Amino acid sequence: MRHRSAIVVAVSGVLLMFGSLSLVLAADSPATPVQRRAVLPILAGDSASLSNSSTATPTPTPPGFGCAGPRTAIRTLSDAGATFARTPSNSSVAGLTSIQKPAQAPGLERLAATETGVVRLTAYIASTATDSGGNLVVQVAQSPNDFSISAGIPLSSCANGASEADKAAFGAARVAVLTSCGATGSQPLGGKIEIEGVPHWATNGAGQPVISLWPVLAFKLADGWTCKGQPPTVTPTATPVPPIDVLYLSVDPQGVDAGGTVRLTAQSEPPGPGHICNPTFTDSESTSWPLPGVAPKATGANGSVWWDIVIPLQAAVGRGSFMVNCNNSGGNAVKIFIN
């Protein structure tokens, strides 16, 4: 027992010696830094903000986002549901905005209730712009300075899945807008237009469905309008009629029986259109006779005018005359013989 105790004491002494040596070394050496690992939560979805929770709330990508924005396939008529007819029905901006909204934000499927037909609107153009994808966006309103909706025209290169006819319609509509209204962003606008397109549900910044037209298939200005409004009414300036220096008259034939017909012709000099001329007839006894069916007439571009006149049956035989006055400012007479 004494021998084993001695061994234990010896071992303890050795341990104490090494412990003392460790304390000495520790006193002469710098302290080792303590390292800790920091773990950040993973960003979920499209969220760009950090979270104190390991389950961050994702911000979903808009469904079908592409070169024409959300629901690109539907906006470019490239989806399977775009087989509807292109014959437009009449509508209005007010009529479109009164349609009941979908219960939730639209997804990748075309909404059969409103997105499967073409409408034609008479509206007012408020502005034009080009979005980040190069698509042309026109704001149209029910009346000037009223609430407007968007009407989009995709680039043909963005509509690879659309038919050639639809892509041609996009291109023609784009050219019509730019030709009529100039470069996008030009202000102020306000002209009356006729536009055709497909009703389309988009989503606003608050996540609410809003009606629009995507795509536009036809565009033109209303008759008499410019893109910036209705031009002022131009009062035409009457072309002055040159005065008549000489009025030449002829009658054919110069001799006729009572009840017969002659042609009386007047020619102004200098030639000029627009002279109002009126003929009268007097027989050989100086009796003035009414001429049924004969009315004042204007000279044509060459300054001439004519009448076919029936000689009254009761006209006296002998030399009579036709008198022609133009513009009540002078005239001339020509003889006729009644047999």
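These legends accompany close-up views of a predicted model.

**Figure 1. Confidence along the chain of the predicted model**. Mean pLDDT for the chain is 81. Of its residues, 78% reach 70 or more. Helix H1, residues 2-28, has the lowest confidence, with a mean of 43. Strand E1, residues 89-90, has the highest, at 96. Over residues 1-59, pLDDT stays under 50. For that stretch the model has 15 contacts beyond four places in sequence.

**Figure 2. The disulfide of Cys 67 and Cys 158**. The chain view holds 3 disulfides by the distance rule. In this one, the sulfur atoms lie 1.9 Å apart. The link is right-handed, with 95° about the S-S bond. Cys 67 sits in the loop between H1 and helix H2 (72-75), and Cys 158 in the loop between strand E4 (148-153) and helix H4 (164-181), so the bond ties together parts 91 residues apart in sequence. Cys 67 is partly exposed, at a relative accessible area of 41%. Cys 158 is buried, at 9%.

**Figure 3. The disulfide of Cys 181 and Cys 227**. The S to S distance is 1.9 Å. The torsion about the S-S bond is about 90°, so this disulfide is right-handed. Cys 181 belongs to helix H4, whereas Cys 227 lies in the loop between strand E6 (209-221) and strand E7 (246-252); the pair therefore ties together parts that are 46 residues apart in sequence. Cys 181 counts as buried, with 10% relative accessibility. Cys 227 is buried too, with a relative accessible area of 3%.

**Figure 4. The disulfide of Cys 277 and Cys 326**. Here the sulfur atoms are 2.0 Å apart. The link is right-handed, with 105° about the S-S bond. It joins two strands: Cys 277 is in strand E10 (residues 276-282) and Cys 326 in strand E14 (residues 318-326). These distant parts of the chain are 49 residues apart. Both cysteines are buried. With the bonded cysteines numbered in sequence order, the pairing in the chain reads 1-2, 3-4, 5-6.

**Figure 5. The aromatic pair of Tyr 124 and Trp 225**. A search of the whole structure finds 2 aromatic pairs. In this one, the ring centres are 5.9 Å apart and the planes meet at 80°; an angle over 60 degrees counts as edge-to-face, so the pair of Tyr 124 and Trp 225 is edge-to-face. Tyr 124 comes from strand E2 (residues 119-130) and Trp 225 from the loop between E6 and E7. They are 101 residues apart. Tyr 124 counts as buried, at 17% relative accessibility.

**Figure 6. The aromatic pair of Phe 281 and Phe 322**. This pair is tilted, with 40° between the planes. The distance is 5.2 Å centre to centre. Phe 281 is in strand E10 and Phe 322 in strand E14, 41 residues apart. E10 and E14 also hold the linked Cys 277 and Cys 326. Relative accessibility is 1% for Phe 281, which counts as buried. Phe 322 is buried as well, at 0%.

**Figure 7. Two arginines over aromatic rings**. The charged end of Arg 75 sits over the ring of Trp 214, 4.4 Å from the ring centre. The charged end of Arg 86 sits over the ring of Phe 84. In the Arg 86 case, the distance to the centre is 4.6 Å.

**Figure 8. Nonpolar cores**. In soluble globular proteins, nonpolar side chains tend to be buried together. The largest nonpolar core has 36 residues. Ile 125, Val 140, Ile 193, Ile 195 and Phe 219 have the most contacts inside it. Helix H3 (93-97), E2, strand E3 (136-141), E4, H4, strand E5 (192-203) and E6 each supply at least two residues of this core. Beyond four places in sequence, Ile 193 touches residues including Leu 121, Tyr 124, Ile 125, Val 140, Phe 219 and Leu 221. A second, separate core has 22 residues. Among them are Val 251, Val 256, Leu 291 and Phe 322.

How values were computed: Residues are numbered from 1 along each chain as its sequence is written. Side-chain values use heavy atoms; hydrogens and water are left out. pLDDT is the predictor's confidence in each residue, from 0 to 100. Helices (H or I, at least four residues) and strands (E, at least two) are DSSP runs, numbered from the N terminus. Contact means heavy atoms within 4.5 Å. A disulfide is a pair of cysteine sulfur atoms within 2.5 Å. Buried means under 20% relative accessible area, exposed over 50%, partly exposed in between (1.4 Å probe, protein chains only). Rings of Phe, Tyr and Trp (its six-membered ring) pair if their centres lie within 6.5 Å; planes under 30 degrees apart count as stacked, over 60 as edge-to-face and the rest as tilted. A charge sits over a ring if NZ of Lys or CZ of Arg is within 6 Å of the ring centre and within 35 degrees of the ring normal. A nonpolar core is a set of buried Ala, Val, Leu, Ile, Met, Phe, Trp, Tyr and Cys residues joined through side-chain atoms within 4.5 Å.
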